[in-house]
Amino acid sequence: MANSAILKSSLAKKYWMALTGLFLCLFLIGHLIGNLQLLSTEKYEAAMRFNQYALFMTSNPAVKALSYVTYLSILFHAIDGIWLTVQNRKARPIGYVKNNRSANTTWASRNMALLGSLVLIFIVSHMATFWGRMHYDANMPLYKVELSAMGQKQSFYRTTTQQFIPVDQVAPSLEEAHKTGKGKYIKNRTELYDANAQIKIAELYKDLYKITVDFFKQPTYGLLYVILYVISMAVLAFHLSHGFASSFQSMGWSHPKYSPFIDKFGLVFSIVTCLLFAIIPVYVYFVL
Amino acid sequence: MATKFININLKVWRQKDAKAKGQMETYKLDKVSTDSSFLEMLDQLNEQLINERKEPIAFDHDCREGICGACSLYINGRAHGPDRFITTCQLHMRSFKDGETIFIEPWRSKAFPVIKDLVVDRSSFDRIQQAGGFVSVNTSGNTIDANATPINKADADRSFEAAACIGCGACVASCKNGSAMLFVGAKVSQYALLPQGKIEAHDRVLNMVRQMDEEGFGNCTNTGACEIECPKGISLENIARMNREYLTASMS
Amino acid sequence: MKLDSKIPEGHISEKWTNHKNHLKLVAPNNRPKIDVIVVGTGLAGASAAASLGEMGYNVKSFCFQDSPRRAHSIAAQGGINAAKNYQNDGDSIYRLFYDTIKGGDYRAREANVHRLAEVSGNIIDQCVAQGVPFARDYGGMLDNRSFGGTQVQRTFYAAGQTGQQLLLGAYSALSRQIGQGNVQQFNRHEMLDIVKVDGKARGIIARNLVTGEIERHSAHAVIIASGGYGNVYFLSTNAMGSNVSAGWKIHKKGAAFANPCYVQIHPTCIPVHGTNQSKLTLMSESLRNSGRIWVPKKKEDAEAIRAGKLKPTQIAEEDRDYYLERRYPAFGNLVPRDVASRAAKERCDEGYGIEANDTNEGVYLDFASEITSKGRQAALVAGDHNPSEAKIQELGKKWIEEKYGNLFQMYQKITDENPYETPMKIYPAVHYTMGGVWVDYNLQSTIPGCFVAGEANFSDHGANRLGASALMQGLADGYFVLPYTVSDYLANEIRTGKISTQSAEFDEAEREVRAQIDKFLNNNGTKSVDYFHKQLGNIMWNKVGMGRNAQGLSEAVKEIDALRAEFHRDVYVPGSANEMNTELEKALRVADFMELGQLMAMDALQRNESCGGHFREEYQDSEGETLRDDENFKFVGAWEYNGPDINQEILNKEDLNYEFIKIAARNYK
């Protein structure tokens with residue numbers, strides 16, 4: 001009894017929605033901290049920090065483990081949500097002729113499925129644009145810095161050990177290195193090898209910063225992407241404005257003394273988080 | 001607060017029986033006293049229909065003082081009409097304007113099938129109660145003295161507030177998901193807050209929720225419509241308490 | 001007809017114990033072979049069905065509502081009495097017994113009332129064990145309040161919703177038995193006749209109110225717990241569906257109907273507002289703990305108030321007549337209900353009524369003094385020794401809200417006036433019926449195997465019921481009396497076997513029911529059922545109401561007789577028999593109200609005395625108090641049906657013997 005109850009009952013579905021939802025809120029905070037690196041005052045530093053963050057997110061084993069939980073959460077949250085919505089529709093086969101829903105509920109609370117679906121669409125396109133390229137794009141650019149040396153501009157790769165390697169000393173592959181006689185070459189997209197010894201001498205950063213900035217600064221569609229991004233964040237804010245406090249209620253974490261605080265915090269959290277997310281592409285487009 | 005008389009238009013759901021297909025019918029009713037209750041207005045309409053040799057509208061009602069929970073009308077898109085903390089029978093015509101068109105529909109829920117016109121079958125609530133809404137004590141009277149177990153006043157008061165539920169079903173009717181969690185949450189809470197009810201609290205919440213699910217009620221998405229429309233102001237806190245109770249019960 | 005009350009021998013305090021010790025039992029293994037029908041799911045019915053189900057009998061429980069939880073017991077507000085003496089104010093079983101007998105104006109059976117007082121404490125224990133959330137004090141102990149007609153605090157309560165909480169307690173016990181299969185519940189079913197086989201109650205004919213189907217149900221015993229008959233008056237505090245049909249049908253099949261003229265007119269109800277009014281709303285008697293009742297001293301003030309020229313708050317203290325405090329200084333605003341009601345009628349008849357309706361009937365129930373005194377007290381407790389007037393008012397209103405919040409809110413919703421600022425307007429209204437089916441000490445009617453419990457019987461309240469005693473009686477009957485006495489009867493039925501519904505007696509009963517339904521549906525008259533019900537109500541209220549006299553009563557008998565003939569000739573009932581048909585339901589109920597109404601007038605006419613709720617204007621003293629005639633009327637008037645002409649009913653008398661209480665004039669001065 002107890003076992004099937006925790007898996008199948010109406011309340012269990014609520015628990016899962018709440019737990020996955022709350023976990024995704026935590027993920028949002030992590031993601032936001034990273035994104036905020038883009039706002040560093042100096043462009044050079046912003047790129048550096050952002051790419052460092054991107055590397056951390058894709059290489060740290062703990063973070064990696066968490067990322068799988070995140071994927072699962074998104075999946076579960078979405079499937080569970082659709083399942084709930086279908087069931088809830090079935091619970092009222094004949095609707096009202098006249099219904100005054102705004103008298104007793106907020107718009108967001110009534111439209112969580114719609115808001116959630118929009119958020120899901122956003123997540124998919126967002127992942128295709130950034131996460132997919134970061135992970136799978138063979139042409140993912142590497143992070144370079146332009147420095148002026150002796151009155152001449154020169155490009156350098158930046159290694160994770162904070163060395164500067166002139167770009168023109170590095171060949172894209174071993175064959176190329178042999179052909180051109182360059183001393184270093186790149187293997188496995190980010191590893192810097194010594195052409196003679198054929199040993200790894202350093203690790204380079206993928207330039208997610210450039211991808212991001214280029215994406216929003218595209219001459220034809222850049223502005224559209226910025227607008228869509230901001231709208232998506234508004235949708236997310238509405239979703240969170242109900243979802244955050246709601247998950248506490250679903251888990252039964254309710255107390256006359258503390259619940260009002262959670263409600264307020266949830267509202268502030270959803271607005272501030274989404275606002276900060278939304279500022280970034282606007283900044284990129286208009287300021288950078 | 002002088003008595004006024006208003007003329008109104010009504011759009012009422014008419015349905016011959018459980019199997020028939022229903023539809024909204026329009027009626028005109030003149031000279032309705034603003035001191036009349038909403039149900040007295042319907043009495044007046046029925047009297048008019050009977051005099052026209054038409055069949056009167058069937059609707060559930062009994063005590064007409066807001067406690068039996070029988071009356072159950074969805075008025076102008078809201079359970080028990082526009083005011084808060086009242087049942088349909090406590091709604092008065094002074095809440096409506098002269099010339100207004102008023103929509104009257106039955107509760108809509110898979111678990112509350114329409115029997116006739118505005119009358120629905122709420123026996124699903126009874127079955128939930130039968131699944132566990134009680135303390136398993138026999139009725140011999142051979143229990144301990146009523147004052148042998150002191151109960152913290154705050155707990156007793158909160159238990160009473162939950163127990164004030166009249167089982168009208170407005171929570172289900174106004175929930176966009178047709179969920180019965182406020183009703184079940186209130187019942188679970190009433191007992192969970194009292195030492196007498198704690199003993200079988202786990203079985204109770206598991207059994208009542210199982211029955212609730214079987215009846216075809218929807219799932220709670222915490223929109224809070226139930227709390228707003230509940231004539232007795234039953235708090236959402238009771239749903240949270242049920243969630244808590246259920247979680248502990250299903251893990252132990 | 002011979003009336004044997006079967007009161008056990010012995011001292012009053014030992015009667016019930018001795019009696020129980022000698023009642024026959026049914027062994028647990030035999031109980032599942034026995035069927036019991038319970039009609040009604042109020043406090044008495046639900047508790048009886050739950051108890052008998054738990055004992056192991058096969059119980060079939062019926063109610064006309066859509067759920068057993070909606071029976072009208074749910075509307076009781078104030079509380080339930082029990083002789084617990086938790087408040088240490090000298091209460092005891094004897095005192096509760098004495099107060100109830102005296103409150104009933106010495107027209108109740110001593111033995112029954114003592115038993116009621118004896119089990120009263122068990123009721124509270126039982127309810128608490130079931131999870132009924134009674135009000136508690138800060139120490140965690142149960143709280144009490146006072147009610148009319150007593151000088152102790154013995155009333156247990158749950159805000160203004162005590163009946164609801166007690167009924168939900170009984171309903172939960174009943175639900176548990178339904179869940180276990182011991183009780184089969186029939187919602188939306190109305191009993192339309194009882195079936196007797198060889199003189200014993202053997203079943204009922206019921207109509208399924210959803211499908212219209214006429215059903216036969218057999219049993220070894222039938223318990224009627226269908227409530228009172230206040231709706232004879234059309235306007236009352238009863239629920240719209242409350243009816244006397246079950247009780248009246250068994251009366252027509254041989255059960256004597258006792259003291260029909262004893263009706264309780266409750267003093268604190270919201271006054272009538274208009275002709276479309278469908279029912280009256282009670283404001284709990286508990287409000288009299290805090291409110292003071294008054295009318296203006298000067299007629300011109302009353303007239304000015306009715307005309308809307310003066311507000312009650314503008315009447316100076318010395319121009320107010322707190323007539324209950326004036327007439328009854330010892331009990332003041334807490335005199336019994338009948339006394340308070342008559343006093344209000346007296347003032348209004350004299351022209352001091354303040355309500356601006358057709359009859360000017362209304363008096364004030366004022367909370368201003370209580371708000372001030374409780375506000376001052378609360379300020380002191382909070383450490384404010386010099387509170388401002390505004391602070392006192394604020395704290396006082398808060399106190400009132402905590403105590404009576406739901407009642408004040410209910411009042412405001414109905415009247416659109418704020419009772420925190422202006423006094424409530426109240427007037428008496430029909431509330432409870434002390435009369436009912438005659439039963440012996442075992443609660444068995446004069447039909448063997450047919451038991452009657454709760455308000456449906458006549459037994460415990462004499463000519464006037466004290467506040468908070470109805471809940472006590474309902475639960476006492478259902479939990480603690482019927483399980484023993486019904487078992488005693490059923491002990492002789494263990495060899496009977498299943499009772500067939502395919503018998504001549506069931507055929508005949510069903511035929512009669514169908515004939516009555518067909519007659520109504522084919523009557524093709526011109527007026528609605530409500531039209532006739534309102535006419536009946538008018539006659540009853542004006543001539544068989546708070547003040548009665550021989551002339552009015554004789555007229556009422558004739559008028560009702562004529563109205564009944566017209567009803568059967570000219571009523572129009574739309575729809576068909578095979579569907580949910582609320583007009584048909586009403587017609588069947590009103591037919592019974594018509595007959596009972598006439599009997600009530602006859603009973604009031606034969607009782608040439610004033611007692612309790614029965615006030616004959618010819619029999620009062622110089623101060624307008626009731627004059628009982630113990631020499632000639634110290635009896636229960638039990639009427640025996642004698643054919644369709646109600647005038648032919650036969651009056652049987654059960655003498656009341658007061659062995660343990662000295663009978664005296666009731667005095668609340």
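Accessible areas come from the Shrake-Rupley method with a 1.4 Å probe, and for residues only the protein chains shown count as cover. On this basis the accessible surface of chain B comes to about 8100 Å². Carbon and sulfur atoms hold 50% of that surface. The model is predicted: local features need pLDDT of at least 70, side-chain atom pairs count only at pLDDT 80 or more, and totals for chains, interfaces and linings use all residues. Residues are numbered from 1 along each chain as its sequence is written, chains are lettered from A and ligands numbered from 1 in the order in which they are written, and side-chain values use heavy atoms, with hydrogens and water left out.

Chain B contains nine helices and seven strands. Helices (H or I, at least four residues) and strands (E, at least two) are DSSP runs, numbered from the N terminus. The C-alpha trace of chain B spans about 60 × 40 × 35 Å along its principal axes. Of its 252 residues, 68% are buried, that is, under 20% relative accessible area with a 1.4 Å probe, protein chains only. A contact means heavy atoms within 4.5 Å. Among contacts in chain B with a separation of 6 or more, 69% join residues 24 or more positions apart.

Two pairs of chains are in contact, and chains B and C share the most contacts. Chains A and C have no contact; their closest C-alpha atoms lie 18 Å apart.

Helix H14 of chain C covers residues 529-543. The expected span of a helix is 1.5 Å times one less than its number of residues. Buried residues of H14(C) include Phe532(C), Leu536(C), Ile539(C) and Met540(C). The buried residues pack against helix H1 (38-51) of chain B, and against helices H15 (550-570) and H16 (582-606) of chain C.

Two open sheets of chain C follow. Two strands pair if DSSP finds at least two bridges between them. One sheet has four strands in the order E17-E11-E19-E20, with antiparallel pairing. E17 (436-437) and E20 (650-655) each have a single partner strand, so one side of each is left without a neighbour in the sheet. E11(C) (residues 257-258) pairs with E17(C) over two bridges. There, Ala258(C) stands opposite Gly436(C).

The other sheet has five strands in the order E12-E16-E15-E13-E14, also antiparallel. Its edge strands are E12 (263-269) and E14 (320-321). E12(C) and E16(C) (residues 424-433) pair over five bridges. Gln264(C) stands opposite Tyr432(C) in E16(C).

Methods
Buried < 20%, exposed > 50% of the residue type's maximum accessible area, 1.4 Å probe, protein only.
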